Amino acid sequence: MYKKLIALLLSILFLTTPLFAEAKLSYEPYGEEEFPIWTMELRRAECIFFGSMVITYPIASLVYGLLADNGIISSPAEGVNRVLQNAAIASALSFTITTADYVIGKKQSNDKK
């Protein structure tokens, strides 16, 4: 009995909530002073880091596999450790790309001044 009553109350609550919500009919872009500069730079770095992981992970996996198969480096026995090593290498490469973008952006902004 109580479970049915609680389920009924929750369904009424979840179904009627959108009726009382205010809909914003027009899009307002963010203002110039709405966020601090460092948050925009952090967001750009995050997008570049995770966006470059799509490229760096397959490259790191391919290069690591080739080096391990040819006996140049030792390969871990467990598959999980190999995946973690590939992820660490790809993260380091993505971090390098992100840092390079940050340095290039600072250099270009200093040259404009």
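Which residues line the largest pocket? In this predicted model, the lining is made up of Glu 41, Arg 44, Ala 45, Thr 98, Asp 101, Tyr 102, Gly 105, Lys 106 and Ser 109. The space in the largest pocket amounts to about 230 Å³. Two helices, α2 (37–69) and α3 (79–112), each contribute at least two residues to the lining, and α3 provides the largest share, with six residues. By residue class, the lining of the largest pocket comprises four charged, three polar and two nonpolar residues.

Among the lining residues is Thr 98, which is placed in helix α3. Thr 98 has a relative accessible area of 11% and is therefore classed as buried. Beyond its neighbours within four places in sequence, Thr 98 is in contact with Ala 45, Ile 48 and Phe 49. Of these, Ala 45 also belongs to the lining of the largest pocket. With Phe 49, the side chain of Thr 98 reaches the backbone nitrogen at 3.5 Å.

Phe 49 also takes part in an aromatic pair. The count of such pairs comes to one. The pair is formed by Phe 49 and Phe 50, and it is edge-to-face because the ring planes stand at 85 degrees, with the ring centres 5.0 Å apart. The angle is over 60 degrees, the cut-off for the edge-to-face class. As to accessibility, Phe 49 counts as buried at 18% relative accessibility, whereas Phe 50, with a relative accessible area of 52%, is exposed. The buried residue Phe 49 is thus a contact of Thr 98 as well as a partner of Phe 50 in the aromatic pair.

Technical notes. Residues are numbered from 1 along each chain as its sequence is written. This is a predicted model: local features need pLDDT of at least 70, side-chain atom pairs count only at pLDDT 80 or more; totals for chains, interfaces and linings use all residues. Side-chain values use heavy atoms; hydrogens and water are left out. On a 1 Å grid over the protein atoms alone, a cavity is a set of points where a 1.4 Å probe fits but cannot get out, and a pocket is an open set with protein on both sides within 12 Å along at least five of seven lines; lining residues have an atom within 4 Å of a point. Grid points are joined across faces, edges and corners, and a volume is the space filled by probe spheres set on the points. Helices (H or I, at least four residues) and strands (E, at least two) are DSSP runs, numbered from the N terminus. Ala, Val, Leu, Ile, Met, Phe, Trp, Tyr, Cys and Pro count as nonpolar, Asp, Glu, Lys and Arg as charged, and the others, Gly among them, as polar. Buried means under 20% relative accessible area, exposed over 50%, partly exposed in between (1.4 Å probe, protein chains only). A polar contact is a pair of N or O atoms within 3.5 Å; within protein, one must be able to donate a hydrogen and the other to accept it, and residues adjacent in sequence count only if both atoms are side-chain atoms. Contact means heavy atoms within 4.5 Å. Rings of Phe, Tyr and Trp (its six-membered ring) pair if their centres lie within 6.5 Å; planes under 30 degrees apart count as stacked, over 60 as edge-to-face and the rest as tilted.
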